[in-house]
Amino acid sequence: GPLLLILCLVLVPFALLGYSLWILICVLFCSDPYSLVSFSKSVKRPTQSDFTFATMNVVMGQEVLGKFNNCSFVYDRLKKIAAQILKQEDSLLSNMEVVDQITKSESVISSFPKMDFICLQEVTDRFFALALISMLRKHYSYFIFDIGVNSLKTNLYLANSGLMIASKYPIVKVKFKPFSKKKGWQRAVSYGVVICKLDLGDNNVGILANL
């Protein structure tokens with residue numbers, strides 16, 4: 001109603017001031033296109049030859065985006081998602097070996113299998129990314145989040161890529177490559193692909209990408 005319109009008009013100057021200051025910070029101070037958090041442990045992981053990963057779009061951003069996608073309150077969903085991830089089984093999911101024989105009902109699982117790496121999309125808010133990290137830190141020791149390049153060309157100095165990775169193994173190198181061509185509202189998001197080099201132990205390395 002009218003009160004909401006008046007409130008929006010009052011806040012517009014502050015929003016423009018904040019946006020201008022953010023552009024100034026991005027221009028004057030160089031920063032990595034990602035944030036890395038690690039909870040390093042001295043425990044040596046057992047040698048294994050098979051590694052598993054999962055990918056999931058969790059829509060953890062501003063509440064208005066969640067409502068637009070018909071999602072419940074983001075923090076309530078965050079706790080449920082973290083709880084479901086932590087309840088993962090210790091067995092591997094091997095139904096892809098007989099993919100041509102799987103029925104539609106068999107393709108839906110009620111609990112996650114063992115996951116060494118998790119690739120998440122649409123984690124655009126740093127606060128919710130850190131909240132998720134705090135909930136998963138006992139099972140995953142390495143995280144990269146807040147991934148993106150802030151520039152006029154890549155995202156108009158607005159949203160990051162929303163990409164995030166949780167890993168049980170050390171992340172030794174990260175490279176983010178923003179997409180060169182986007183349309184419409186996509187120009188306000190630093191969409192791209194992030195590639196990680198992982199230390200799998202015993203002089204073995206792995207490459208993991210998320211986009």
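Val-59 is buried, with a relative accessible area of 13%. Buried means under 20% relative accessible area, exposed means over 50%, and partly exposed lies in between, using a 1.4 Å probe and protein chains only. Val-59 lies in strand β2. Its phi is near 50°, a positive value in a residue other than glycine. Strands (E, at least two residues) and helices (H or I, at least four) are DSSP runs, numbered from the N terminus.

This is a predicted model, in which local features need pLDDT of at least 70 and side-chain atom pairs count only at pLDDT 80 or more, while totals for chains, interfaces and linings use all residues. Residues are numbered from 1 along each chain as its sequence is written, and side-chain values use heavy atoms, with hydrogens and water left out.

Now the overall plan. The protein has four helices and eight strands. Along the sequence they follow the pattern α-β-β-α-α-β-α-β-β-β-β-β. Of the 211 residues, 34% count as buried. Contact means heavy atoms within 4.5 Å. Among contacts between residues at least 6 apart in sequence, 69% join residues at least 24 apart.

Val-37 and Tyr-142 are 105 residues apart along the chain, yet their C-alpha atoms are separated by 6.0 Å. Leaving aside neighbours within four places in sequence, Val-37 is in contact with Ile-133, Ser-141, Tyr-142, Phe-143 and Phe-145.

Next, follow the strands. Two strands pair if DSSP finds at least two bridges between them. β2 and β3 run parallel and are joined by six bridges. Here Phe-53 stands opposite Phe-117 in β3. β3 also pairs with β5, in the antiparallel sense, over four bridges. In this pairing Ile-118 stands opposite Ala-166 in β5. How enclosed is β3 by the rest of the structure? Six of its seven residues are buried, so β3 is largely enclosed.

A nonpolar core is a set of buried Ala, Val, Leu, Ile, Met, Phe, Trp, Tyr and Cys residues joined through side-chain atoms within 4.5 Å. The largest such core here has 24 residues. Those with the most contacts inside it are Met-60, Ile-85, Ile-118, Leu-120, Leu-132, Tyr-140 and Met-164. At least two residues of this core come from each of β2 (53–60), α3 (74–86), β3 (117–123), α4 (126–136), β4 and β5. The largest share, six residues, comes from α4. Another core, of 16 residues, lies apart from this one, and includes Ile-165, Tyr-169, Ile-171 and Leu-200.

Not counting residues up to four places away in sequence, Ile-85 touches Met-56, Phe-112, Met-115, Ile-118, Leu-136 and Tyr-140. Ile-85 is also one of the buried residues of α3, along with Val-74, Arg-77, Leu-78, Ile-81 and Ala-82. These residues cover an arc of only 135° around the axis, which puts them on the same side of α3. The arc is that of the directions from the helix axis to the C-beta atoms. α3 has 13 residues and reaches 18 Å from its first C-alpha to its last, close to the 18 Å expected at 1.5 Å a residue. The expected span is 1.5 Å times one less than the number of residues.

Loops can hold buried residues too. Thr-154 lies in the loop between β4 (142–145) and β5 (164–167), and is buried at a relative accessible area of 10%. Its side chain reaches the backbone oxygen of Val-149 at 2.6 Å. A polar contact of 3.5 Å joins the side chains of Thr-154 and Asn-155. Such a contact is a pair of N or O atoms within 3.5 Å; within protein, one must be able to donate a hydrogen and the other to accept it, and residues adjacent in sequence count only if both atoms are side-chain atoms.

Asn-160 is found in the loop between β4 and β5. At 10% relative accessibility, Asn-160 counts as buried. Its side chain reaches the backbone oxygen of Thr-124 at 3.4 Å. A polar contact of 3.0 Å joins the side chains of Asn-160 and Asp-146.

Finally, where is Asp-202 placed? Asp-202 is in the loop between β7 (192–201) and β8 (204–210). Its phi is near 55°, a positive value in a residue other than glycine. Asp-202 is partly exposed, with a relative accessible area of 44%.
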